[in-house]
Amino acid sequence: MHKVLNNKLAIFLFVFPGILLFALTFLAPIVLSGYYSFRDTLAPGTNSTFVGLGNYTELLFHDSRFWLSLRNAVLLGLGFIIIQHPIAIFFAIMLDRIGGKAEKWFRTIFFIPSVISVVVISKMWLSLLDPTFGVLNKLLDSVGLGALKHAWLGDSSTALVSMLVILIWAGFGWGLLFYYAGVKGIPEDLYEAASLDGASGFKLHLRITVPLLMPVITVQITLAMITALKQMEMVFLTTNGGPGDSTQFLAVYLYNKAFSASQYGYANAISILFIAVCLLFTYLSNKLTRSDATEY
Amino acid sequence: MKKNTKIMLWLFFLIIAAVQLFPFIWLVNFSFTSSSEFYSSSILKWPDAPQWQNYINAWVDGKFARYFFNSFFVTAVTIVLTVVLSLTLGYAFTRMQWKLRSLFFTVILLGIMIPIHATLLPNFAIFKSLGLTDSYLGLILPYTAVSVPLGTFMLTGFLRSIPKAMEESAVIDGANIYRIVFGIIAPLTAPALVTIVVTTFLNCWNEFIMASTFLSKDSLKTLPFSVMNFTGQYSSDYGSQFAVMVLTSVPAIIIYAIFNEQITKGVTAGAVKG
């Protein structure tokens with residue numbers, strides 16, 4: 001056994017292709033990004049001048065968009081945590097309780113938006129929220145609330161909230177599925193014991209289910225913040241950061257800086273800070289949530 | 001649970017499901033109408049005459065057949081590569097003994113945290129100098145690279161939960177390491193592998209930003225671009241726009257309907273063990 005598991009050639013063959021691929025698509029780009037982040041250039045391969053830390057100081061101390069992008073990510077992440085996750089937990093518990101065919105059917109239905117391409121979802125919601133023929137405005141009209149009609153994604157006061165609604169709608173299935181898996185992992189006899197003690201209904205779940213779901217919840221909250229930080233395609237395809245930067249996110253910002261504004265060096269400095277923020281956040285949340293796992 | 005509560009719950013779920021699916025119902029509905037009908041005040045509308053022409057436009061000008069093949073080819077190769085690499089990496093990280101094991105494992109896991117959007121710009125430069133932009137490989141490589149870290153993570157979790165007895169008896173019978181990994185471990189980890197296949201499928205099939213950055217040649221574009229094709233020439237023909245959105249969503253929904261149980265099982269197995 002020992003000899004087989006020490007087979008140096010096999011280890012090399014098993015690990016090398018994966019590491020090589022990783023080096024090509026993750027490490028090399030980051031190194032190259034680091035190089036460009038110290039330079040001022042229009043595009044890769046064109047004339048460039050060394051500007052030292054210029055791009056970074058500009059970003060950190062003079063670029064309000066950078067901080068606005070981070071703020072938007074935090075707001076979006078908090079939106080996920082405060083609105084989407086409690087709903088997902090509630091539905092996961094109810095799905096488990098309803099049982100039978102309904103459990104399977106509704107689980108299947110709730111997940112459908114999660115399998116649709118982000119391009120379709122973005123374009124579809126652009127139409128749903130369209131100020132002239134969009135359904136939401138028609139709906140408001142038909143119930144006599146025409147005064148609330150809005151260019152939902154075109155108004156800086158409602159754009160971020162509209163984005164949150166779309167993302168919650170689209171991502172609800174995954175959240176539900178993870179919590180559902182967590183609920184399924186709780187042994188039935190714990191509920192029986194608790195109901196013998198007189199707990200029932202809402203109280204039962206608040207006292208038994210939610211605490212036992214804590215490991216899943218902490219992982220999901222970390223993932224929610226990371227999802228918010230990494231927001232890109234949906235924003236790019238609907239508002240492209242606007243109006244007036246109200247839905248600006250780091251990934252969209254750096255993409256437009258590179259390909260529309262031709263500030264390639266500056267965009268790479270955003271890339272490097274973006275990676276740093278993501279890694280720092282993951283590290284911190286791991287530190288904070290590494291409490292002892294619940295045993296049952 | 002009391003019978004009344006159950007009926008209430010049923011009703012509640014039905015309403016929520018209807019609200020959640022409403023955008024799709026609306027999309028399908030108006031994909032059969034002419035553009036002038038979009039401005040009527042009704043929320044759902046029986047078309048005056050079903051506009052099959054919308055779907056013909058979607059098929060022809062959305063270049064559905066061509067893009068479908070590209071999506072299929074890129075996704076299929078990516079899935080095969082991802083499964084093989086995740087399996088070999090996962091096995092090497094959990095069972096085999098070597099020095100740099102934990103270092104390399106951490107490095108691979110970083111791939112889950114690093115945002116792909118931050119690597120887009122330099123990757124564009126690198127791929128361009130390697131001649132990988134505007135090629136199938138230019139999508140397959142980054143898609144695989146993004147999928148392997150998560151796949152490896154899922155597999156290592158799964159591998160730690162299965163006993164080594166099978167491998168030990170296989171070694172005694174004289175099996176070599178490759179027989180063990182591909183002949184014994186692969187079938188044993190089938191539930192995890194299926195989850196990897198399905199999540200990789202969903203991610204690649206629907207991927208947009210990398211394809212949009214690395215491809216400019218029309219003949220190589222993937223299915224999401226069918227929808228993008230309709231923003232120009234058809235920008236005021238909403239019926240055709242909706243038809244192309246419906247058409248491109250159908251394959252993913254069919255795949256989901258087939259593998260639905262596997263997704264749930266895979267997530268359940270992974271989430272609980274963590």
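**Close-up views of a predicted two-chain model**

**View 1. The largest cavity is lined by V115(A), I116(A), S117(A), V120(A), W205(B), N206(B), L223(B), P224(B), T248(B), S249(B) and A252(B).** A cavity is a set of points on a 1 Å grid over the protein atoms alone where a 1.4 Å probe fits but cannot get out, and lining residues have an atom within 4 Å of a point. The model is predicted, so local features need pLDDT of at least 70 and side-chain atom pairs pLDDT 80 or more, whereas totals for chains, interfaces and linings use all residues; side-chain values use heavy atoms, without hydrogens and water. Residues are numbered from 1 along each chain as written, and chains are lettered from A in the order in which they are written.

View 2. T25(A) and F26(A) are among its lining residues, as are I116(B), T119(B), L120(B), N123(B), P142(B), A145(B), V146(B), M210(B) and F214(B). At least two residues of this lining come from each of α2 (8-37) of chain A and α5 (116-129), α6 (137-160) and α10 (209-214) of chain B, with α5(B) giving the most, 4 residues. By class, the lining of the second largest cavity holds 8 nonpolar and 3 polar residues but no charged residue. In the model as a whole, the count comes to 7 cavities of 30 Å³ or more.

**View 3. Helix α7 of chain A, residues 135-142, has V135(A), N137(A), K138(A) and L140(A) as its buried residues.** Helices here are DSSP runs (H or I, at least four residues), and buried means under 20% relative accessible area with a 1.4 Å probe, protein chains only. The buried residues of α7(A) pack against α6 (118-128) of chain A and also against α1 (3-30) of chain B. Just after α7(A) comes G144(A), which takes a positive phi of about 80°.

**View 4. Q241(B) lies in helix α12 of chain B, which spans residues 238-273.** Because the relative accessibility of Q241(B) is 13%, this residue counts as buried. When its neighbours within four places in sequence are left aside, Q241(B) is in contact with F230(B), Y234(B) and S235(B), where contact means heavy atoms within 4.5 Å.

Note on methods:
Buried means under 20% relative accessible area, exposed over 50%, partly exposed in between (1.4 Å probe, protein chains only). On a 1 Å grid over the protein atoms alone, a cavity is a set of points where a 1.4 Å probe fits but cannot get out, and a pocket is an open set with protein on both sides within 12 Å along at least five of seven lines; lining residues have an atom within 4 Å of a point. Grid points are joined across faces, edges and corners, and a volume is the space filled by probe spheres set on the points. Ala, Val, Leu, Ile, Met, Phe, Trp, Tyr, Cys and Pro count as nonpolar, Asp, Glu, Lys and Arg as charged, and the others, Gly among them, as polar.
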